[in-house]
Amino acid sequence: MVLRPKRTRALKPLSLPSDSDCDDDCCEECGSGDSPAKLLLCDKCDKGYHLFCLRPILVSVPKGSWFCPSCYKDKKLKSFPLVQTKIIDFFRIQRYPESIEKPSLDNRKRRKRGSSLVVSKKKRRLLPFTPSEDPSRRLEQMASLATALTTTGTEFSNELTYMPGMAPRSANCAALEREGMQILSKEDTETLNLYKNMMERGEWPPLMVVFDPKEGFTVEADRLIKDLTIITEYCGDVDYLTNRQHDDGDSMMTLLCAAKPSESLVICPDKRSNIARFINGINNHTPEGKKKQNLKCVRFNVNGECRTLLIANRDIPKGERLYYDYNGYEHEYPTEHFV
């Protein structure tokens with residue numbers, strides 16, 4: 001990662017720092033001048049803060065202007081309007097507004113039959129989510145995600161996107177996976193398709209995006225979620241890893257680990273994404289952090305293409321926040337400062 005000189009403060013090797021330089025090189029939170037390359041400077045007051053001392057933590061230097069907590073405190077979070085028509089337009093719901101209010105009886109029966117089929121199988125199958133019964137609550141859940149997306153300047157997308165100048169869809173070939181990839185079964189593929197279709201109809205997963213002063217935007221269960229429920233697919237723009245070596249985005253997800261590094265792919269959710277972007281990672285350097293994990297991140301071969309799913313790895317009660325291990329594959333993500 002390339003750090004911009006204006007954003008961070010590093011010691012000058014061939015000169016002794018003056019008293020004022022020492023003050024500038026100290027973090028306002030911890031008072032230390034250690035790790036100067038990770039000392040971020042406010043674009044308004046020029047005070048310094050370690051990336052890992054901020055709450056929420058910053059993993060990398062942000063793009064554009066950055067303002068410290070003191071200079072940013074006057075800016076209030078603007079909630080997305082709790083208006084059904086606006087929410088339907090934002091998420092491009094494919095049914096008429098009145099159809100979002102109550103899932104059809106046929107759909108509920110179909111989901112019930114599918115669930116009983118999963119239970120009857122000896123091999124454990126993935127489950128679709130069970131939406132909240134209250135239509136007004138589903139609108140609140142959708143509005144919470146819309147608030148997070150608009151605040152971060154992100155367009156909603158529930159699919160992998162292939163943009164000009166990035167990796168083409170033809171590059172997403174599961175056969176190129178370096179060590180092979182688990183194939184999603186026919187039954188689980190049907191469940192994944194059901195999950196997608198339900199969201200397109202406005203039958204939303206019971207998840208609420210909330211803002212925490214220490215963790216930033218984060219996601220919590222809004223009703224009981226059963227073990228093996230598909231929470232979401234990790235979505236965003238697909239690009240070659242080699243194109244993103246010096247990218248300062250902090251939410252890139254591995255999609256394909258190819259034998260040839262030039263063929264490896266990542267998912268970049270900075271411009272287009274869904275709720276997956278706001279699900280936080282555990283601190284996998286502490287026992288307490290590891291206990292918080294209630295999701296697993298799994299890459300699958302789905303009809304020859306790589307897909308990345310976040311799946312519940314135990315029952316998750318209402319109100320519990322969702323976490324998974326960012327280092328499930330490469331063990332390169334810096335999580336030691338996560339709360």
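This note goes through the fold, cores, cavities, cysteines and a few loop residues of a predicted model.

1. **Overall make-up.** The chain has 339 residues, and 48% of them count as buried. Its secondary structure comes to seven helices and 15 strands. Take the contacts with a separation of 6 or more: 71% of them join residues 24 or more positions apart.

2. **Main core.** In soluble globular proteins, nonpolar side chains tend to be buried together. Here the largest nonpolar core holds 61 residues. Phe91, Leu145, Ile231 and Leu295 have the most contacts inside this core. Helix α5 gives the most to this core, with seven residues. Apart from this core lies another, of eight residues, including Leu40, Cys42, Leu54 and Cys68.

3. **Leu145.** Leaving out residues up to four places away in sequence, Leu145 touches Phe91, Phe156, Trp204, Val209, Asn274, Ile275 and Phe278. Phe91 is also among the residues with the most contacts inside the largest core. Leu145 belongs to the lining of the largest cavity too, and so do Phe156, Trp204, Asn274 and Ile275.

4. **Largest cavity.** Rolling a probe the size of a water molecule over the atoms shows where empty space is left. The structure holds two cavities of 30 Å³ or more. Besides the residues named in point 3, its lining includes Asn158, Tyr195, Met199, Pro205, Ile231 and Thr232. Helix α6 (186–200) and strand β7 (230–233) each supply at least two lining residues. By class, the lining has eight nonpolar, three polar and no charged residues.

5. **Second cavity.** The second largest cavity has a volume of about 30 Å³. Its lining is made up of Phe129, Pro205, Pro206, Leu207, Ile225, Thr229, Ile230 and Ile231. Seven of these residues are nonpolar, one is polar and none is charged. Pro205 and Ile231 are on this list and also on that of the largest cavity.

6. **Cysteines.** How many disulfides does a search of the whole structure find? The count is zero. For Cys42, the nearest cysteine sulfur is that of Cys45, 3.7 Å away, and Cys42 is in no disulfide. The cut-off explains this: a disulfide needs sulfur atoms within 2.5 Å. Cys42 is buried, with a relative accessible area of 2%. Cys257 is in no disulfide either; its nearest cysteine sulfur, that of Cys306, lies 9.1 Å away. Cys257 also counts as buried, at 13% relative accessibility.

7. **Positive phi.** Most residues other than glycine have a negative phi. Arg92 has a positive phi, near 55 degrees. Arg92 sits in the loop between α3 (84–91) and α4. With a relative accessible area of 46%, Arg92 is partly exposed. Asn303 likewise has a positive phi, near 55 degrees. Its place is the loop between β13 (295–302) and β14 (305–312). Is Asn303 buried or exposed? Asn303 counts as exposed, because its relative accessibility is 72% and the limit is over 50%.

8. **Glu133.** This residue lies in the loop between α4 (105–120) and α5 (135–151). At 70% relative accessibility, Glu133 counts as exposed. Beyond its neighbours within four places in sequence, Glu133 is in contact with Arg138 and Arg223. Glu133 and Pro206 are 73 residues apart along the chain, and their C-alpha atoms are separated by 9.6 Å. Pro206 is one of the residues lining the second largest cavity.

9. **Glu159.** The loop between β3 (155–156) and β4 (182–183) holds Glu159. Glu159 is partly exposed, with a relative accessible area of 37%. Which residues is Glu159 in contact with, leaving aside its neighbours within four places in sequence? They are Lys196, Cys235 and Gly236. Glu159 and Asp237 are 78 residues apart in sequence, yet 9.0 Å apart in space, C-alpha to C-alpha.

Note on methods: Residues are numbered from 1 along each chain as its sequence is written. This is a predicted model: local features need pLDDT of at least 70, side-chain atom pairs count only at pLDDT 80 or more; totals for chains, interfaces and linings use all residues. Side-chain values use heavy atoms; hydrogens and water are left out. On a 1 Å grid over the protein atoms alone, a cavity is a set of points where a 1.4 Å probe fits but cannot get out, and a pocket is an open set with protein on both sides within 12 Å along at least five of seven lines; lining residues have an atom within 4 Å of a point. Grid points are joined across faces, edges and corners, and a volume is the space filled by probe spheres set on the points. Helices (H or I, at least four residues) and strands (E, at least two) are DSSP runs, numbered from the N terminus. Ala, Val, Leu, Ile, Met, Phe, Trp, Tyr, Cys and Pro count as nonpolar, Asp, Glu, Lys and Arg as charged, and the others, Gly among them, as polar. Buried means under 20% relative accessible area, exposed over 50%, partly exposed in between (1.4 Å probe, protein chains only). Contact means heavy atoms within 4.5 Å. A nonpolar core is a set of buried Ala, Val, Leu, Ile, Met, Phe, Trp, Tyr and Cys residues joined through side-chain atoms within 4.5 Å.
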